[in-house]
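Hi,

Here is the structure for your set-up. My notes follow below it.

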Amino acid sequence: MYGTGTDTTSTSLVWAIGELLRNPRVMKELQQEARKIGRGRPMIPEEDIEKMPYLKAVFKEALRLHVPIPLLVPRQSTQDVKIFGYDIPSGTQVWINAWAIARDHSIWEEPEVFRPERFLNSPMDYIGSHFEYLPFGAGRRGCPGIKFAATINELVLANLAYKFEFALEGEHSLDMSETDGMTAHKKYPILVKGTLYE
Ligand code: HEM
């Protein structure tokens, strides 16, 4: 719970913030949505998150481009199968590269581009029923923390966009290189100055 629940949630938030800073048009769009929903209140409450489709699209797109657990958790086949002419015996270890699937040109249009609009008016979701998009895995070993992770991260992103204007600091802030390891972190920290939006 601690391992898969903390690291993933924080790293996906960092990636989302990084992409927002790299894409001022998207940041502006999100800020406009947040400020319309916030209406001068001290914070956007959790119950208003459902009224923010652009925010949800931003979170989904950040998870697509930066799948926090790129190789999911390994599986083992339970019976002999034939796939594309290959015999796969029972007991074979199977690794799913969710990172590569989420950047596959045959599935996604301009997969390297951060464009939340691709998730607007789209049935594509991360609950494990669309195999083109598996940031939380799928099946009975899929992530049980999806709802919690989405709520926390959307709430934080909504309120950051609502309350602050951002200015980047530091030469490496927008370098989107990844670390290796089970969870893909941003290699260089984001240095950013936030100014309260009045
Ligand atoms: C953005 C945040 C998160 C991401 C991207 C994420 C992603 C994943 C992935 C990819 C798996 C493996 C699924 C598979 O291989 O099919 C997993 C498993 C798991 N996650 Fe999450 N997770 C996140 C947040 C959380 C949170 C907040 C919790 C708990 C509060 C949590 C609890 C777990 C647990 C317990 C498992 C193991 C499930 C099992 O093996 O049966 N995760 N997560």
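Which atom of the ligand does a polar side-chain atom of Thr 4 lie 3.3 Å from? It is a nitrogen atom. That is a polar contact (a pair of N or O atoms within 3.5 Å).

First, the ground rules. This is a predicted model, where local features need pLDDT of at least 70, side-chain atom pairs count only at pLDDT 80 or more, and totals for chains, interfaces and linings use all residues. Residues are numbered from 1 along each chain as its sequence is written, and side-chain values use heavy atoms, with hydrogens and water left out.

**Ligand**

The ligand is surrounded by 22 residues, each with a heavy atom within 4 Å of it. Thr 4, Val 73, Arg 75, Arg 141 and Cys 143 are the closest. A polar backbone atom of Val 73 is 3.1 Å from a ligand oxygen atom. For Arg 141, a polar side-chain atom lies 2.7 Å from an oxygen atom of the ligand.

By class, the shell has 12 nonpolar, 8 polar and 2 charged residues. Classes: Ala, Val, Leu, Ile, Met, Phe, Trp, Tyr, Cys and Pro are nonpolar; Asp, Glu, Lys and Arg are charged; the others, Gly among them, are polar. Helix α1 (2–22) and helix α5 (146–163) each supply at least two shell residues. α1 gives the most, with 5. Helices here are DSSP runs (H or I, at least four residues), numbered from the N terminus.

**Iron**

The iron atom of the ligand has a single protein donor, Cys 143 (SG), 2.3 Å away. Donors are N, O and S atoms within 2.8 Å of the metal (3.2 Å for Na, K and Ca); water is not among the atoms, so sites may look incomplete. Cys 143 sits in the loop between α4 (98–102) and α5.

Best wishes

Methods: A polar contact is a pair of N or O atoms within 3.5 Å; within protein, one must be able to donate a hydrogen and the other to accept it, and residues adjacent in sequence count only if both atoms are side-chain atoms.
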